[in-house]
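Please keep the sequence and the model at hand while reading.

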Amino acid sequence: MPITINDQSHELPDDPRVSLLDFLGTHIGLTGTKKGCDHGQCGACTVIVNGMRINSCLSLAALHDGDHVTTIEGIGTPTDPSALQLSFVEHDGFQCGYCTPGQICSATAMADEFANGWPSDASDSLTGDIAITPEEVRERMSGNLCRCGAYANIIDAIMDTVTAEKEAQS
Amino acid sequence: MKPFDLQRADGLAHAGQLCADKHTAPIAGGTNFVDLLKLEVETPSTVVNINPLPLGGIEETADGGLSIGALVSNTATAVDMRVRENWPVLARAILAGATQQLRNKATTGGNLCQRTRCYYFTNIDQPCNKREPGSGCGAIKGVARLHAVLGTSDHCIATYPGDMAVVLAALDAQVEIAGPKDSTRTVPVRDFHRLPGDQPWKDNVLEDGEIITAVTLPAPVAGRQVYRKVRERSSYAFALVSVAAVIDMDGDSITRADLAFGGLAHKPWHDPRIADLLVGQSPSEALFDKAADLLLEEAQGYGENDFKIPLARRTLKAVLAEATGVKP
Ligand SMILES: Cc1cc2nc3c(=O)[nH]c(=O)nc-3n(C[C@H](O)[C@H](O)[C@H](O)COP(=O)(O)OP(=O)(O)OC[C@H]3O[C@@H](n4cnc5c(N)ncnc54)[C@H](O)[C@@H]3O)c2cc1C
Ligand code: SF4
Ligand code: FES
Ligand code: FES
């Protein structure tokens, strides 16, 4: 079965060694997803597979037959950016921008995790309602490092969008 | 990465037959295995994709426990409402490990079988008896901050790095295993990982061709459940010391003290003498110190990790104080 990336179908590579990250960047030319460490330790390569955020560097492309992958290119475009992307611009949520695609993919999936009521290490209760607080967002985004240290603005950008989404839902 | 052949498992028996070859290994989430393939620590000739196997469900067992399939993601386990309500310590341990992206891919079986984070093991230019039998142990007399203080040998002082299995050991969960010839067996988590002895390359009791199919939790028990993980930073870091505890009290008397420890040994550490000491007693700081004395009776530091011995004592005492309500 082929792999679907941002609603387009692609054939998987023949070489089983190709990571999903390298497949995106060098095989099909989607260079938005970034390689930071290539070892699962930075989050720059975060993409969304079947609704869940993962590190594309630690996943073999050949194992993704039939999967639906969303990359930063599938989240928004320069002419039609997502609300979160606009919020990153508004809050200066980046400096060099290298970690940003990973941050945005990660936070986009994180919003669904909040909506599902999934707890995190920062949640006081495992079963009660979870308030969207900066502390929760910091813990949930801790898989995305930023070498420029733009964290304060990244958290502001995300907080604005996820709280607005929650208000819109209720 | 060395070239390898990728096979897809068509059923459990097929997976077992393929993996019976010692140069063949299964891959689940890949969050540990792909890393080690890149580092050429793992150099299999064939890799078997076990993800098509129907091992992705969480089901209640006849005696009120829970069977968690080998391919269930760590996230799916941690957010399962039955786990959150009845075995909260398991959800806590998973949420305290790795990152959301990693937990979304990491599986029950892969998490149990994840390899040590010893820096010599992951660097193929260094000696390591686990990776290359007979080459020596770089960590003994070397950089050993993450390393073990209990159950070590002259051949290897590595730790089992995971969090989930420490809780599974405290809860006395069972590992369900399928063999290559349709055989099955059940091994307590407490006996699943090995001590290094003179065969440090064997992390656990799995034989070639054996695949983990599930982990079974016993029925929930009453009591306070605590997982405390001490680490260098609160994300991405493995435990220096961790303590999993299920403690119950009747009035002023301890009636249950199921404990296991991470970061101290080549396996989640469980010492039945500690429960024997604590049960029937009234909690006090003096009692907690005696429990720590037992735990650490034979502890041995290797320089850089000497700090783990007092740290384990303090962490155990803090967890016992929290779970029994005694002020330390
Ligand atoms: C940066 C980073 C930080 C991390 N931090 C933590 C942490 O704090 N705490 C923690 O506990 N873990 C941590 N991890 C480890 C992570 O939890 C493991 O990589 C993960 O659980 C492995 O599961 P997997 O399904 O991806 O296994 P894989 O990588 O697919 O496999 C791992 C091993 O298990 C074997 N295997 C897999 N499934 C089976 C099966 N069913 N039967 C038999 N053998 C099997 C494979 O052959 C392989 O040897 C971290 C990892 C990274 C990269
Ligand atoms: S402690 Fe074990 S894993 Fe580390 S170098 Fe020594 S033998 Fe290898
Ligand atoms: S490039 Fe994948 S986590 Fe760093
Ligand atoms: S903006 Fe430069 S790494 Fe985050």
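Into which domains is chain B divided? The model is predicted, and in it chain B is divided into domain 1, residues 5–46, and domain 2, residues 224–324. Chain A also has two assigned domains: domain 1 covers 3–75 and domain 2 covers 83–169. The contact between these two domains of chain A takes 18 residues from domain 1 and 17 residues from domain 2.

| Pair of domains | Distance between C-alpha centres |
|---|---|
| domain 1 of chain A and domain 2 of chain A | 21 Å |
| domain 1 of chain B and domain 2 of chain B | 36 Å |

An unreviewed UniProt entry places the feature "domain: FAD-binding PCMH-type" at residues 1–222 of chain B. The end C-alpha atoms of residues 1–222 of chain B are 49 Å apart, and this span is 26% helix and 16% strand.

Next comes one helix of chain B. Helix H11 of chain B runs over residues 285–296 and has 12 residues. At 1.5 Å a residue, this helix should span 16 Å, and its end C-alpha atoms are 16 Å apart, so the two values agree. Which residues of H11(B) are buried? They are B:Leu287, B:Phe288, B:Ala291, B:Ala292, B:Leu294, B:Leu295 and B:Leu296. In an α-helix there are 3.6 residues a turn, so residues three or four places apart point the same way.

B:Asn32 sits in the loop between strand E2 (24–27) and helix H2 (33–38) of chain B. Its relative accessibility is 13%, under the 20% limit, so B:Asn32 counts as buried. Beyond four places in sequence, B:Asn32 touches B:Gln114, B:Arg115 and B:Arg117.

B:Ser235 belongs to the loop between strand E9 (224–230) and strand E10 (241–250) of chain B. B:Ser235 counts as buried because its relative accessibility is 11%. Apart from neighbours within four places in sequence, B:Ser235 is in contact with A:Ser142, A:Gly143 and B:Thr99.

Last is a ligand. How many residues surround ligand 2? There are 15, and the closest are B:Cys118, B:Cys128, B:Cys137, B:Cys156 and B:Ile157. By class, the shell around ligand 2 holds 10 nonpolar, 4 polar and 1 charged residues.

How values were computed. Residues are numbered from 1 along each chain as its sequence is written. Chains are lettered from A and ligands numbered from 1 in the order in which they are written. This is a predicted model: local features need pLDDT of at least 70, side-chain atom pairs count only at pLDDT 80 or more; totals for chains, interfaces and linings use all residues. Side-chain values use heavy atoms; hydrogens and water are left out. Helices (H or I, at least four residues) and strands (E, at least two) are DSSP runs, numbered from the N terminus. The expected span of a helix is 1.5 Å times one less than its number of residues. Buried means under 20% relative accessible area, exposed over 50%, partly exposed in between (1.4 Å probe, protein chains only). A residue is near a molecule or strand if one of its heavy atoms lies within 4 Å of it. Ala, Val, Leu, Ile, Met, Phe, Trp, Tyr, Cys and Pro count as nonpolar, Asp, Glu, Lys and Arg as charged, and the others, Gly among them, as polar. UniProt positions are given in the numbering used here, feature names are shortened, and annotations may be inferred rather than shown by experiment. Domain bounds come from an automatic or database domain assignment. Contact means heavy atoms within 4.5 Å.
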